[in-house]
Structures are given as structure tokens and as C-alpha cells.
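Today I look up a helix pair and some aromatic rings.

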Amino acid sequence: MLRRTALVTALALSLFATSAFAAKTLVFCSEGSPEGFNPMFFTTGTTQDASSAQIFNRLVEFEVGTTNIAPALASSWDISKDGLTYTFKLRHGVKFQSSDKYKPTRDFNADDVLFTWNRMADPNHPFAKNTPGTTYAYFEDMGMAKIVDKVEKIDDYTVVFKLKHPEAPFLADLAMDFISIQSAEYAEKMKAAGTPELIDREPIGTGPFRLVSYQKDAVVRYKAHDQYFEGRPKIDNLVFSITPDASVRLAKLKAGECQVMAYPKPADIAALKATPTVNLQSKEGLNISYLSFNVTKKPFDNKLVRQAINYAINKKALVDTVFLGAGQVAKNLIPPIMWAYDDKIKDYEYSPEKAKELLAKAGLKDGFEMELWYVPIQRAYSPDGKRMGEMVQADLAKVGIKVKLLTYEWGEYMKRAKQGEHLAGFFGWNGDNGDPDNFFGPLASCAAVKGGGNYSRWCNKDFEEAISKAAASNDRATRIKLYSKAQEIMREEAPMVFIAHSLRYEPTLKTVVGFKAAAVPPLHYFSKTDLSK
């Protein structure tokens, strides 16, 4: 009897230990497949969520939930009085992740910062063209080569950025995803092994999670980085369950198949608020939904045609029907919560009659035929891309424009758009650093034509001068005046139709602890997230 009791006790203790120490797995129902895992190449939130937010760190980062800049891989920094020299003291003891193919032999240091920056900045860098067919999208869109003169290593834990001119948003720029720090040692070891392409396909970073596997359109799997410098994550496994349909994401959340979901439909918000097992966080959107004209193609090389379509689209109906109260009509590229927003700008009112007049003046009184691309995945700025396309199709039919709707898989959509294949298409943007330059530069500057983020391929000398002077000034009043001029020029030239600024919702099960909705950028960070019993 004693032996039987002892055996039962041992089994009970074994089961308790298994339960107590069972690996914690958090499943995130994401909205689409990432385009890749090197954040240098991409600008979409879907991709940055799966890459930079989980795998990498930056020198500085935004506090989750705020626009405050906090130390990350840099423990401190100093900015010279003339605004031209930024000196960063790097954090000691930061470990890179390891994989089956790579075991790091040293900690993060200045060599990794120089490798990361110079790969983008120097066209002759050994890894500059490591992955054919890609561009350093953000670096080029933001004109970084015109801002930074050079980056120098003072010692293993001190780096200096020397600027060509003062750049007010520069520190915030360094918190952006495109400058996620990569391992110089990993790159060299993969090059020596004859597989340099692996550094972009199988990334190694310092972040809270390491990539384990990826199955396109199905799942991304991560493991906790045991030696993460901010402390090992509380969850052991992170799974991105790629689920493009918002209704399916919601069903999975309610069934407990995922604990966090991306981008609920506006129509489902009321039901989510009433669901006792769900927490619903919300953030005012630092974003823009817009329709972009490719001004290098006829008839959109004609300003009158672009203005006509601005008059022809009923934006209020779009916001009421598609956003269902979780958005507001946009009249400027930047949202009203930004300090440089010019409320004096007069929006294009909905007027099919004015649209017809301008089309006639442009020699198109009988209208024309066109293709219009719509976003294939759901985002806060695009709750239902197809429905938006159908409503604009109906609006334009009223003024004699026959629209054929078209879309592609998300990665293909972005690739083709960056190459300028579209005539007109829907796009959106979530602000990355809280500065107006982060909208005007990546979306509408001349440099962003080359980088691919300026889908209108519109390059205007006066606009360029205004935003360049604004970025170079540290005086906010001066910057406001210059950005107002930029908004006036955009209104007149009409390279886009500004549609809406949306409210963003983040639903989680109540078993999720410590998750915060991010403000800038609006990604999903799980390093501090835990699961209760």
C-alpha cells in the first residue's frame, strides 16, 4: 500500500510539474503574409510586424503606446549644438540570436551598426545587392543619403552619425523599422559558407523572438530569445496564424484558436465590446487611406483629370459605409492629430457636375476607361478594399469613367506598385515616428519615387523645397508654415485622393496580460506579453 501511495504521489507531482512548466504559446491571427524578413526592403506594417517588431531592435525605439523615444541598443546619446553630430553610446552585453546554421561568437557592437547602415548607404558595399530585385525602400524614400554624410566607429561601443545638414526628425527616424540592426558576423559567416542570401531569408537579430519557420499564406513560427537583453519573453512560442479574412480571424479569437487578432471589421466592433471574454483597446489613427494616381501615365499626367476625380468621389459615403464610424474624412495627407495639420485647407466637395466640367476642359467630355487597383488585405486604413473599389467604381461611372477593378496577392500588389505598373490604386500609410516628415517624405517626395513609396510618382519642385526646408529646421513655427505650404500644393496638384483617417482597434482574449496597443509604429509587440491560466 505504501509503494502504491508513493507511486501515485510521484505521478501526481510529475503531472503538476508538466502543467506548471508547460510551454506558453501565444497565437496572433495576422492579416497577411509578410513580403520577407529583412525590414530594410519593405515598408508595410504586415511585413514589419513579422520581422522588425519580433526579430530585431533599433538604436532607439518608441515606448510602446506612446511617441516617446527611448534607449534600446543605444544606452544614451548626445546631439551637438549645431544639430550635425549624433553620438551614441551602445549597450554592452547584448546577445544575437542563434540558429542551426549560426552561433554568434561575440556580442552586439559598433561593427553591426556600421554594417547595417553602410549596406543601405554604400552601393559598393559587399552586401548592397545581396538580394536581387529589392530596394532599400525607406532609406531611399526618406532621402537618407542626402541627410547623413557618414557613420563612424569611435570604439566598439561608440558610433557617431555626421549629418550634412540639421534634420529635426532624425532621432525619430532612427527608431524606424528600416534601421533594425543586423549582425555583421552572421553576414560574413554566411558569405564564407557560400550562402549570403540566408541573411535576408533566415534573419538573425537581437530581438525578443527568433524566427523558426515560415509557410507562406499559412503560419510564421518563433521561439523566445532566451538571452534577450530586456529579459526573456514570458511566452515561449509565438505563432502568426496568417488569416486574411477578418470574419475568420474573429471566429478564431472567439474559439480561443488565437489570443490576439489584427484589424477587426468596423461592423464587428460593437459585438466585440459586448463579448465578455475579450478586451478591446483602441488608438486614434496616425494614418491615411488614399487613392494614388500614377502621374507618369495618361490621362493622370493632366492635373485637371486628377482634380475631376477628387470631385467625383463621395468620400463621406465611403467613410460611412466602409469605416462605419471608425474613421473620418481626410482632406490632407497628414492626420488632424499631427501638430502640422492645416485645417484651413479646403477639401474637394463631392460634385459630379464639377468633375464633368473639368473632364470636358481636359478634352475628355465622354470620359475614359481605366484600371483601379484595390487593397487585397484588411488594414485599419482599408477595412474592406473591394467594397471601397466598388463604391469608387460606381461614383466614377456617374461622370463617364468606366473602371475595371483589379487586385493581386499583397506582396505582389506592393511589388508591382513600386515598379509603377498601376494606373491608379488604393494605398494606405501608418505613421512610423510621429513627425510630419514621415508622411510627406516617404509618400510624396522625389526621392520616394526612386524608393517606390511614392506610388503617384509625382515630383514637384515647390513641394520638395517646402518639405526639405521644414525637415532641416528645428523651429516648430517655421516647420508649421512650410508644411502648410506643402499641403496647399498637394491640394492644388491633386496627385492623390485623400480618403480617410481611421481609428484602430486591438482585440485580445482576457487571458492575455501585458499587451499594449502601439502608437508609433502601429505594430504588435509581444516581448512583455504573458498568458494567464
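**Ground rules.** I am working with a predicted model, where local features need pLDDT of at least 70, side-chain atom pairs count only at pLDDT 80 or more, and totals for chains, interfaces and linings use all residues. Residues are numbered from 1 along each chain as its sequence is written, and side-chain values use heavy atoms, with hydrogens and water left out.

**Helix pair.** I looked up helix 17 (residues 437–444) and helix 20 (residues 476–493), whose axes come within 12 Å and cross at roughly 40°. Helices here are DSSP runs (H or I, at least four residues), and strands are E runs of at least two, numbered from the N terminus. Axes are lines fitted to C-alpha atoms, for helices over the stretch in contact, with angles from 0 to 180 degrees between N-to-C directions. I noted the contact residues (heavy atoms within 4.5 Å): Asp437, Phe440 and Ala444 of helix 17 meet Arg479, Tyr483, Gln487 and Met490 of helix 20.

**Rings.** I found 31 aromatic pairs in the structure; rings of Phe, Tyr and Trp (its six-membered ring) pair if their centres lie within 6.5 Å, with planes under 30 degrees apart stacked, over 60 edge-to-face and the rest tilted. Tyr138 and Trp429 have ring centres 5.7 Å apart and planes at 65°, so I logged them as edge-to-face. Tyr138 sits in helix 5 (residues 137–141) and Trp429 in strand 17 (residues 424–430), 291 residues apart.

**Back to Phe440.** Its ring and that of Phe463 have centres 6.0 Å apart and planes at 65°, so this pair is edge-to-face. Phe463 lies in helix 19 (residues 461–472) and Phe440 in helix 17.
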